[in-house]
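Subject: Structure handover

Hello,

Here is the structure we talked about. Please open it and keep it in view while you read the notes.

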Amino acid sequence: MPIINFIIYLLTMIGIYSLLAMSLNFQVGFTGLINFGQVAFFCIGAYTSSLLVVNAGVPVVVAFLAAMALSGIFGYIMSIPTKSLKSDYWAIATLASGEIVRLVALNEAWLTAGPFGVMGIPQILKDFISKDAYPVFYLFFVIACIIMVYIFLGMLTNSPFGRNLKAIRDEEELCLSLGKDTQKLKLQAMIVAGTVGGLAGALFAFYIQFISPENFKPIETFLMWAMIIVGGRGNFKGAIIGAVVIQLFNVSTRFLGNYVPLGSDSMAALRMMIIGVLIILFLLYRPEGLIKEKKKVYE
């Protein structure tokens, strides 16, 4: 049934964007790193995994691991020239990095097929999963990835490493005075965030089965930020809840075209306007988001 297929699609996209939101929340909510180029990890993960499978015949598992590794490495590389910058300059630098990755995918046709994108991305376990059952299988696969990432990031943020990241977020000068290498900690945080973002990109590519540079515009980072603002910073439950809310607005409003006499371009602009108004309302009346970060009290 079409409605069932739509619900499965919606839940799968919510799951993929939940991973991206958790990745961004790890940077913003726990480390205080303002990343406006989060879509770069998404893009690298998608292109790396799909190109390795389509062009090189690499096994899917290896392709996913390579996507995560390369995205993590890019997070490290992106942080090297920016690690000593203040938050506003860091944000500008990451925005430029995200756009550089998209432009490379758009113009380096010898590697990425340029604007034509990567086509023919195969199904995972195509010899064992029928085409009709694939969407349901993939939804559970995405859910399994969310659970593993949620547990991993939760353990990481509750460890001494995570407490150091929170110290950087709250008072970096104090952290420095205690002898902590804050620049090294920022690099490590970006590696972790890049790895999770790369996983989300690989999941997206093998679900859609076609990717192009159009899928990785800066507006995607805007949506991820909206998820963090709505859901709440400093906790991963908020990131998931934010992904649910924003994706519901982003996807469901596509059907307003059947009732509102507007063109597709106008509907896209209206959709972004609705999400923008939602962000403003949350910043004004509930800046902590739907789920407020719980401050730990140590005896």
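Below are the notes on what was found, topic by topic.

This is a predicted model, in which local features need pLDDT of at least 70, side-chain atom pairs count only at pLDDT 80 or more, and totals for chains, interfaces and linings use all residues. Residues are numbered from 1 along each chain as its sequence is written, and side-chain values use heavy atoms, with hydrogens and water left out.

**Two crossing helices**

Start with helix α1 (residues 2-31) and helix α7 (residues 160-177). Their axes come within 7 Å and cross at roughly 65°. An axis here is a line fitted to C-alpha atoms, for helices over the stretch in contact, and angles run from 0 to 180 degrees between N-to-C directions. Helices are DSSP runs (H or I, at least four residues), numbered from the N terminus. On the α1 side, the contact uses Phe-26, Val-28, Gly-29, Phe-30 and Thr-31. On the α7 side, Phe-161, Leu-165, Lys-166, Ile-168 and Arg-169 take part. Contact means heavy atoms within 4.5 Å. The residues of this contact split into 6 nonpolar, 2 polar and 2 charged. Ala, Val, Leu, Ile, Met, Phe, Trp, Tyr, Cys and Pro count as nonpolar; Asp, Glu, Lys and Arg count as charged; the others, Gly among them, count as polar.

**Salt bridges**

A search of the whole structure gives 4 salt bridges. Each is a side-chain nitrogen of Lys or Arg within 4 Å of a carboxyl oxygen of Asp or Glu. One of them joins Arg-102 and Glu-99, at 2.6 Å from N to O. These two are 3 residues apart in helix α4 (residues 87-107), so about one helical turn separates them. Arg-102 is buried, at 13% relative accessible area. Glu-99 is partly exposed, at 25%. The cut-offs: buried is under 20%, exposed is over 50%, and partly exposed is in between (1.4 Å probe, protein chains only).

Asp-170 pairs with Arg-169 at 2.9 Å, N to O. Arg-169 also belongs to the contact of α1 with α7. Glu-214 pairs with Lys-217 at 2.8 Å, N to O. Lys-217 is partly exposed, at 33%.

**Val-101 in α4**

Which residues does Val-101 touch, not counting residues up to four places away in sequence? They are Ala-40, Cys-43, Ile-44 and Phe-74. Val-101 lies in helix α4 and counts as buried, at 11%.

**A nonpolar patch**

Leu-70, Ile-73, Tyr-76, Ile-77, Ile-80 and Ile-191 make a nonpolar surface patch of about 500 Å². Patch residues have over 30% relative accessible area and no salt bridge; nonpolar side chains (Val, Leu, Ile, Met, Phe, Trp, Tyr) are joined within 5 Å, and like charges within 9 Å. Accessible areas come from the Shrake-Rupley method with a 1.4 Å probe, and for residues only the protein chains shown count as cover. Helix α3 (residues 60-79) gives the most, with 4 residues. Ile-73 lies in α3 and is partly exposed, at 46%.

**Positive phi**

Most residues other than glycine have a negative phi. Ala-113 has a positive one, near 65°. Ala-113 sits in the loop between α5 (109-112) and α6 (134-157), and is partly exposed, at 31%. Gln-209 also has a positive phi, of about 70°. Look for Gln-209 in the loop between α8 (182-208) and α9 (218-231). Gln-209 is partly exposed, at 26%.

Best wishes
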